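User: I have a model open and want to go through it with you. Can we take the strands and then the ligand?
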Amino acid sequence: MERKTILSQVKMLEFTKKGDLRGNMVIAEGNYDVPFDIKRIFFIYGSSDDVIRGQHANLKTEFVLINVAGTSKVKIMDGKGNEIIHYLDRPYIGLYLPNMLWKEMYDFSEDSVLLVLCSEHYDKTEYIRDFKQYIEIMTNKERAVK
Ligand code: TYD
C-alpha cells in the first residue's frame, strides 16, 4: 500500500452551523469535529495584507485554521517541492494541518480574524523556523523510510 503523503493529510473541515433568528453559531468540538484534543487556541487579527506569518513547521502540533471573520490565504509545503494554497473565507470551514508541514499565512483582509486550534501546548523547541533545515529533515525522513 502506498504511504500517505503529508499534503494528502491536509483537509477542509465543515463545522455544524446552528443559526436561528438570533444569529449564527458554529460548533467545533475536540476529538469530534476536530481530529484532536484541543489544548490551545490563539487568534491573529490586525495583520495587514503585506505581512507573511507562520513560516515554520512544527514537530508535534497539529492545527485547525478558521477565518472566523474576513479572509486570508494559507500556503503549505512539504519540503519536497509540492505546495498547496488554500483560501479561507468562511467562518464554518476549518483547514486541518498535520504536524511537519511548512505553513505561511498571508493576504489578510483588514477584518481578518484567524482562529487557530492546536493539539499541543506551546513549546518553542518544537518549531522549525529555518526552511533549509526543514527541507533537510524532510529529505532525511524520506530516506529513512525507503
Ligand atoms: P509566531 O509563531 O511568530 O506567530 P505566527 O505563527 O503567527 O507567525 O508567534 C509570535 C510570538 O508569540 C512568538 O514570540 C511566540 C509567541 N507565541 C506564544 O507564546 N504562544 C503561542 O501559542 C504562539 C502561537 C506564539
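User: Which residue is the bridge partner of Glu14 in β9?
Analyst: Ile93 is the partner of Glu14 there. Keep in mind that this is a predicted model.

User: How many bridges join β1 to β9, and which way do the two run?
Analyst: There are four bridges between β1 and β9, and the strands run antiparallel.

User: And what about β6 and β9, how many bridges there?
Analyst: Three bridges, again in the antiparallel sense, between β6 (residues 63-69) and β9 (residues 93-97). Leu65 has Leu95 as its bridge partner in β9, and Val64 stands opposite Tyr96.

User: Is β9 mostly covered or open?
Analyst: Mostly covered: five of its five residues are buried.

User: Which residues of β9 point which way?
Analyst: Ile93, Leu95 and Leu97 point one way from β9, while Gly94 and Tyr96 point the other way. In a regular strand, side chains alternate between the two faces of the sheet. Both sets in β9 are buried.

User: What is the strand order in the sheet that holds β9?
Analyst: The order is β1-β9-β6-β11-β4, an open sheet of five strands with antiparallel pairing. Its edge strands are β1 (11-14) and β4, each of which pairs on one side only. On average, neighbouring strands in this sheet are turned by 25 degrees against each other, direction ignored.

User: Now the other sheet. What order do the strands of the one with β5 take?
Analyst: That open sheet, also of five strands, reads β8-β7-β10-β5-β12, and the pairing is antiparallel.

User: Why is one side of β8 and of β12 left without a neighbour in the sheet?
Analyst: β8 (83-88) and β12 (127-128) stand at the edges and each has a single partner strand, so one side of each has no neighbour in the sheet.

User: How many bridges do β5 and β12 pair over?
Analyst: Two, in the antiparallel sense. Asn58 stands opposite Tyr127 in β12.

User: On to the ligand. Which residues surround it?
Analyst: The ligand is surrounded by Arg40, Phe42, Ile44, Arg53, Gly54, His56, Tyr122, Tyr127 and Arg129. That shell divides into four nonpolar, two polar and three charged residues.

User: What lies 2.5 Å from an oxygen atom of the ligand?
Analyst: A polar side-chain atom of Arg40. For Arg53, a polar side-chain atom lies 2.8 Å from a ligand oxygen atom. Gly54 brings a backbone N or O atom to 2.7 Å from an oxygen atom of the ligand.

User: How much of the ligand does the protein bury?
Analyst: The protein buries 61% of the 530 Å² that the ligand exposes when taken alone.

User: Which elements give two or more residues to that shell?
Analyst: Those are β4 (40-45) and β5 (52-58).

User: Changing topic: where does Arg143 lie?
Analyst: Arg143 is in helix α1 (residues 131-145).

User: Buried or exposed, that Arg143?
Analyst: Exposed, because its relative accessible area is 58% and the cut-off for exposed is over 50%.

User: What does the side chain of Arg143 make a polar contact with?
Analyst: With the side chain of Asn140, at 3.1 Å.

User: And how far apart are Arg143 and Glu29?
Analyst: They are 37 Å apart in space, C-alpha to C-alpha, and 114 residues apart in sequence.

Key. Residues are numbered from 1 along each chain as its sequence is written. This is a predicted model: local features need pLDDT of at least 70, side-chain atom pairs count only at pLDDT 80 or more; totals for chains, interfaces and linings use all residues. Side-chain values use heavy atoms; hydrogens and water are left out. A residue is near a molecule or strand if one of its heavy atoms lies within 4 Å of it. A polar contact is a pair of N or O atoms within 3.5 Å; within protein, one must be able to donate a hydrogen and the other to accept it, and residues adjacent in sequence count only if both atoms are side-chain atoms. Accessible areas come from the Shrake-Rupley method with a 1.4 Å probe; for residues, only the protein chains shown count as cover. Ala, Val, Leu, Ile, Met, Phe, Trp, Tyr, Cys and Pro count as nonpolar, Asp, Glu, Lys and Arg as charged, and the others, Gly among them, as polar. Two strands pair if DSSP finds at least two bridges between them. Axes are lines fitted to C-alpha atoms, for helices over the stretch in contact, and angles run from 0 to 180 degrees between N-to-C directions. Buried means under 20% relative accessible area, exposed over 50%, partly exposed in between (1.4 Å probe, protein chains only).
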